[in-house]
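Please walk through the fold shown below, from its helix contacts to its sheet and then to some local backbone details.

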Amino acid sequence: MKQLTHDNGRNRWFHALLSTLCLIFCAVARAADPAPLRAGMIGLDTSHVPAFTKIFNNPKATGDLAAIRIVTGYPGGTDIPASRDRVKGFTEQLRGMGIEIVDSIPKLLEKVDVVLLESVDGRIHLQEALPVIKAGKPLFIDKPVAGSLADAIVIYELAKKHNVPCFSSSSLRFAPGIQEILKNEKLGTIEGAATWGSCTYQEGTPDMFFYGIHGIEPLYALMGTGCETVTRIQTKDTDLVSGVWKDGRIGAYRGIRQNMAEFGAVAFGSKRIVQTGREGGYEELCAEVGRFFKTGKPPVRAEETIEIFAFMEAADESKRQGGAPVSLASVLAKARAEAASKH
């Protein structure tokens, strides 16, 4: 009988220890894998909205894709057909996915930790980003970051002033093919690059801002910053925008409006020439967005994004000047003066 009592006591002690260890393990696991941040979407007028929501809200999402969960959306929208004709449909898609729809940005900000600004019309990005930044909410801005170079400068200056993490990017920067080139040691150093893809325009913004950025962003991923002058040739079906970097390298983008317009890129290396057409999907960009919100560290520097938009603005100016080379310094000086008047 004494032995049985002794065994029962030992078993109770063992189970108590096991329960304590389980509680500790669960606490550590929760600390290592915190609950996802509540995310809100501003501007429900692009196919990115339901696509991103499906990725982030997938019950099987892991790692950086599980860092946020879309919980709220504000429809927004403008009078351009790409917005006006699609905002209702995409809003209803989100509602059908269980996302709460609110009628103002302030109401959205009350319910979220982080924000994805998705409005397809870049001209309203500054006015939509302003309350988010003032509220101190980390912000991802889908392409284009703004409708003008001056507005892009103001957004990043305000984000810096209020110490708000902020970044913008096209999904093509993180395309598998581009990332494979960047990791290809057999290529040597990249001495030049060319990219190509679809290049439709949006009335009211510089020509390259709408679809051209999908090819120009990966061009910068390959070339890095340091472009000094830009020259643009435009015909009915094609744009050819070339830049000369300060070290003498040349990077070019071919924008296609007719015929085959699949994305592609070629890197001219010191040892090899490598071409890619691996476009990928949205998962790569969403993983970067999730990691950004989790760490507060932008994967693309503000200075690089501003230079990309200066490159595209210089392309428009070159067109106005009949294809003459235009310096990025000149368009940046003009834009900074305009940005100063907006503060």
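**Helix packing, sheet and local geometry**

Helix α2 passes helix α4 in a left-handed crossing; a crossing is called left-handed if the near helix is turned anticlockwise from the far one by less than a right angle, and right-handed if clockwise. The model is a predicted one, in which local features need pLDDT of at least 70 and side-chain atom pairs count only at pLDDT 80 or more, while totals for chains, interfaces and linings use all residues. Residues are numbered from 1 along each chain as its sequence is written, and side-chain values use heavy atoms, with hydrogens and water left out. Helices (H or I, at least four residues) and strands (E, at least two) are DSSP runs, numbered from the N terminus.

Axes here are lines fitted to C-alpha atoms, for helices over the stretch in contact, and angles run from 0 to 180 degrees between N-to-C directions. V49, P50 and T53 of α2 make the contact with F90, Q93 and L94 of α4, where contact means heavy atoms within 4.5 Å. By class, the residues of the contact of α2 with α4 are four nonpolar, two polar and no charged. In this scheme Ala, Val, Leu, Ile, Met, Phe, Trp, Tyr, Cys and Pro count as nonpolar, Asp, Glu, Lys and Arg as charged, and the others, Gly among them, as polar.

Helix α2 (residues 48–56) also packs against helix α10 (residues 283–295), at an angle of about 65 degrees and with the axes 10 Å apart. The helices α2 and α10 are therefore roughly perpendicular to each other, and α2 passes α10 in a right-handed crossing. On the α2 side F52, I55 and F56 take part, and they meet E283, L285, C286, V289 and G290 in α10. The residues of this contact of α2 with α10 comprise six nonpolar, one polar and one charged.

How do α8 and helix α9 (residues 213–223) lie, and at what angle do they cross? Their axes come within 10 Å and cross at roughly 10 degrees, so α8 and α9 are roughly parallel to each other. The crossing of α8 and α9 is right-handed. I178, I181 and L182 of α8 touch P218, A221 and L222 of α9, and the contact of α8 with α9 has six nonpolar, no polar and no charged residues.

Next comes the sheet. Seven strands form an open sheet of mixed pairing, in the order β12-β11-β7-β10-β9-β8-β13; two strands pair if DSSP finds at least two bridges between them. Its edge strands, β12 (273–276) and β13 (326–327), each pair on one side only. Helix α8 (residues 176–183) packs on the sheet and touches β7, β11 and β12, its direction making about 160 degrees with that of β12.

Strands β7 (residues 190–198) and β11 (residues 264–269) run antiparallel and are joined by six bridges, with G192 opposite F268 in β11. Strand β8 (residues 227–234) pairs with β9 (residues 238–245) in the antiparallel sense over seven bridges. T231 stands opposite S242 in β9, and β8 and β9 form a hairpin with three residues between them. Strand β9 pairs in turn with β10 (residues 250–256), again antiparallel and over seven bridges; D239 has G255 in β10 as its bridge partner. The hairpin of β9 and β10 has four residues between the strands, and in it G248 takes a positive phi near 90 degrees.

Some local features remain. The peptide bond from K143 to P144 is cis, with omega near -10 degrees, and P144 is found in the loop between β5 and α7 (149–161). N163, in the loop between α7 and β6, has a positive phi of about 55 degrees although it is not a glycine.

Key. Parallel < 35°, antiparallel > 145°, perpendicular 65-115°, else oblique.
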